[in-house]
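Hi,

Here's the structure I said I'd pass along.

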Amino acid sequence: MKLVLLSGGSGKRLWPLSNDSRSKQFLKVLENEERELVSMVQRVWGQIRRSGLDTSAYIATGKAQIEMMQSQLGPEVPLIVEPERRDTFPAIALAAAYLYSRAGAGLDEVVAILPVDPYVETRFFDTVRQLEDVVAASGAELALIGVQPTYPSSKYGYIVPEEGGAEDADYRRVSHFREKPLEDEAGELIARGALWNCGVFAFRLGFLIGLLEAEGWPTDYAGLSAQYHRLPKISFDYQVVERATHIAAVPYDGCWKDLGTWNTLTEEMKNRQIGKGTISGDCRNTHLINEIDIPVSIVGLSDIVVAVSPDGILVTDKSQSPRIKDYINYDQGPMYEERQWGWVRILDDKTYDNGRCAVTKRVGIEAGKSLSYRMHTSREEVWTIIKGEAEFVQNGNFMVIGPGNVLHIPMKTLHTARASEDLEMIVVQSGYHNEPNRMLELYQTWDEMAEHCRKTS
């Protein structure tokens, strides 16, 4: 069986920590067994590894998340890259084409699809394993995992089984689906044996390849990637699941949560405070997550979340936190990004009356890692090294840099740096606002750059 985790989204409901480059699955607010802060994707990938499924698992994601995914899971994590952000049907179709044409999977191979960020017990993946046998035993086009509800919720969709199905069977045949009913109706559905739909399902690879062939789409990864922009921008549920005639559901009776809002996420946080600040003793069920160096004090307020990042500040009642997505239409790019080599934090972004613009950043490069060999077409940079040591290369000339060094990098000048120990620097990038800047990368790795410089010296 092949396992594909879908990683997308902008995480607007967890603003200001999440943004277009750092979706909710990358936020390091959960704890692992060693009491280290980890992200949702790190937690899930660790569970997959402990379940022995990592050797057959892939993550389907967009280009914008490649660096952060490799930063958190390592450079060897197997990725299926989407050319652009669309919806779950195009993403799953492209993953199927990749498994078929690149990974050598046969048409009888069972493929399981799940979100990259469910909050589950490790034994959940034992149920994921069952999907392979259920697809074969039931003859179903799709096999889903349904969570046994613990209360009538209007937040989830429901899988409604057929009447008279065998309750002691490994699976139940699905009658229909009901999306986010009112609580009274949810109670009635639960009485009929309905399950929460957790977005996990499996199918024979040949089932989806056959659907692509029937619609005239390429079934190889390169061909489908080239036509990706033409695929219908629609969810897999609407395009495939609701049209299937034979669907089986496997019940799961353990813990499962969607940590998509601040109120649900803080329920699973071990620490009520992350970062600099103070919460007074009379606060109840209050959480502070602070990613900047300015202290935040919360006094006498209960049932709230205060989240602070370079992108902004959120103060919200926990029960009202899902509304945040309606109030964050700010005209700014991400102010904090994780990269494969480290991180970038925007300190200031200013455009002056004469059209000149300047962006001031604090940049960290982790020990042993390096930037690509690059140049900026319309921006010059000044680097002020404040911590650590690195090798610096500019137009093929090597030098060692450390605290106190100030480097001027003119426009259209090739440059890179490799940190021998954790490096931090202040970077001021400037130019003219009406001259759009492009960053051209000649080589991605230090070894490629070094080989190039040796040949041209």
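Below is what I found, going spot by spot. One thing to keep in mind as you read: this is a predicted model.

Let's start with Lys2, which sits in strand 1 (residues 2-6). This lysine is buried but has no salt bridge. Leaving aside residues up to four places away in sequence, Lys2 touches Ser56, Tyr58, Leu99, Ala105, Glu109, Val110, Val111 and Ala112.

Next up is helix 1, covering residues 40-50. Of its 11 residues, 8 are buried, so the rest of the structure largely encloses this helix. The buried ones are Met40, Val41, Arg43, Val44, Trp45, Gly46, Gln47 and Ile48. Just past the end of helix 1, take a look at Gly52, which has a positive phi of about 75 degrees.

Last one: Glu389. You'll find it in the loop between strand 24 (379-387) and strand 25 (390-394). Glu389 is partly exposed, with a relative accessible area of 37%. Glu389 also lies 7.2 Å from Asp422, C-alpha to C-alpha, though 33 residues separate the two in sequence. Again not counting residues up to four places away in sequence, Glu389 touches Val400, Ile401, Ala419, Ser420, Glu421 and Leu423.

Cheers

Terms used:
Residues numbered from 1 in each chain as written. Predicted model: local features only at pLDDT ≥ 70, side-chain atom pairs only at ≥ 80, totals over all residues. Heavy atoms only, no water. Helix = DSSP H or I, 4+ residues; strand = E, 2+ residues; numbered from the N terminus. Buried < 20%, exposed > 50% of the residue type's maximum accessible area, 1.4 Å probe, protein only. Lys, Arg positive; Asp, Glu negative; His and termini not counted. Salt bridge = Lys/Arg side-chain N within 4 Å of Asp/Glu carboxyl O. Contact = heavy atoms within 4.5 Å.
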